[in-house]
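Hi there,

Here is the structure I promised to pass on. Have a look at it first, and my notes follow below.

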Amino acid sequence: MAGKPARPANAIDQTRRMLSLVTYLRERPGARVSDVARAFGISEDELISDLDVLPLCGTSFRGGDLLDIDTDGDRIWWHNPAALGAEAAEPLRLAADEATALLVAARAVSTLPGLREGDRQALLRATAKVEAAAGEAAGASSRLSVTFESEGGVFADVDRAISERRRLWIRYYSPARDELSEREIDPIRLVSVGHTYVEAWCRRSEARRTFRLDRVAEIRILDEPSAPPEIELRDLSEGLVQPAAEDPEVVIEVGPGGRWVAEYYPHDSAEELPDGGLRITLRAPDPASLRRLALRLGGDGRIVSPQDLADSACRAAREALAAYDEPAPREALAPRAAAGQAGPHGVQDGLYDRQEQGL
């Protein structure tokens, strides 16, 4: 594993691995981190990431039922292995609404394109058992159905392509250029940061690119094998956007209603202002991408520097006001005059656009 990043697993493979990890650790108290990572063919960082999730799992959320697993970086300790023992198990009882929700979801997932046939059959068998156990409570679920939005089909195709190591052809919408482009990509992994993205090697640009699934207008799995070059996977634990120290500095002042910006944007500093707002200093590879933030903040914020970016935001505000066929008031000279506030998730769209380097 040294010096060679492991090929990332899809969600189904990762779930299988973590289930196997529980059995493996229960039989090997005090197992070494390096030995376990080697046994599962993953890096130690990936193993530690799995160990961070396992303590959130268990037979219930009552005290003592969650897995008490931790590590000192060298060895892994499981302090309550009896939590999964037969003596701790209780019969599962589902309320009518729980049974209905579970059955509807299971049937919907079983229809997803790209789901491996073995997994589909296993899901259908489990669904039949739940129906039998639920009895009359299962009747309501047969009258309900779920239709996935387009991203669901794209997700299934990408997940399948990763599993089968096949290349993808996509038509992709780039909001920065307001156009559709066609390209072939070798998918590397799926990531979820606010939205779902596929990180891939783009054959058109011959570089790593990140594509948001809900902007894929059309997708096909090709017969060509996927062969991305061996590249080091980025650590996304701090988010999809990770500004570098050499990126240009931007200063934004926000009022009390805009304090959430400091929670959703990586930043160097956030100084308190007398009115309850913040003076936020951050870095951006493309400062112009923050114009959208200035417009969406409306009266809750403004760009202080660099000056050319502040002026650009002013012009964008004037153009937005002019679109309503109203004369731009003098206040439009400040970005805060732009119409409409936006929640943090809306602003993240603009922030992540510059990470979709296929734009």
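Let me start with a question: does Cys-202 count as buried or exposed? At 0% relative accessibility, Cys-202 counts as buried. Cys-57, at 30% relative accessibility, counts as partly exposed. The number of disulfides comes to zero, taking a sulfur-sulfur cut-off of 2.5 Å. Please keep in mind that this is a predicted model.

Now to the sheet. Four strands form an open sheet in the order S10-S11-S9-S12, and the pairing is antiparallel. Its edges are strand S10 (269-272) and strand S12 (301-305), each of which pairs on one side only. On average, neighbouring strands are turned by 20 degrees against each other, direction ignored. S10 and S11 are joined by four bridges, and Glu-271 stands opposite Arg-279 in S11. Helix H9 packs on this sheet, where it touches S9 and S12, and its direction makes about 145 degrees with that of S12.

The largest nonpolar core has 19 residues, and those touching the most other members are Ile-252, Val-261, Leu-293 and Ile-303. Two or more residues each come from strand S9 (249-254), helix H7 (261-264), strand S11 (278-283), helix H8 (291-297) and helix H9 (307-322). Another core, of 17 residues, lies apart from it and includes Met-18, Ile-69, Ile-76 and Trp-78.

Finally, helix H2 (residues 33-40) has Val-33, Val-36 and Ala-37 buried. These residues lie on the same side of H2, because they cover an arc of only 100 degrees around the axis. Just after H2, Gly-41 takes a positive phi of about 65 degrees.

Best wishes

Technical notes. Residues are numbered from 1 along each chain as its sequence is written. This is a predicted model: local features need pLDDT of at least 70, side-chain atom pairs count only at pLDDT 80 or more; totals for chains, interfaces and linings use all residues. Side-chain values use heavy atoms; hydrogens and water are left out. Buried means under 20% relative accessible area, exposed over 50%, partly exposed in between (1.4 Å probe, protein chains only). The arc is that of the directions from the helix axis to the C-beta atoms. A nonpolar core is a set of buried Ala, Val, Leu, Ile, Met, Phe, Trp, Tyr and Cys residues joined through side-chain atoms within 4.5 Å. Two strands pair if DSSP finds at least two bridges between them. Axes are lines fitted to C-alpha atoms, for helices over the stretch in contact, and angles run from 0 to 180 degrees between N-to-C directions. Contact means heavy atoms within 4.5 Å.
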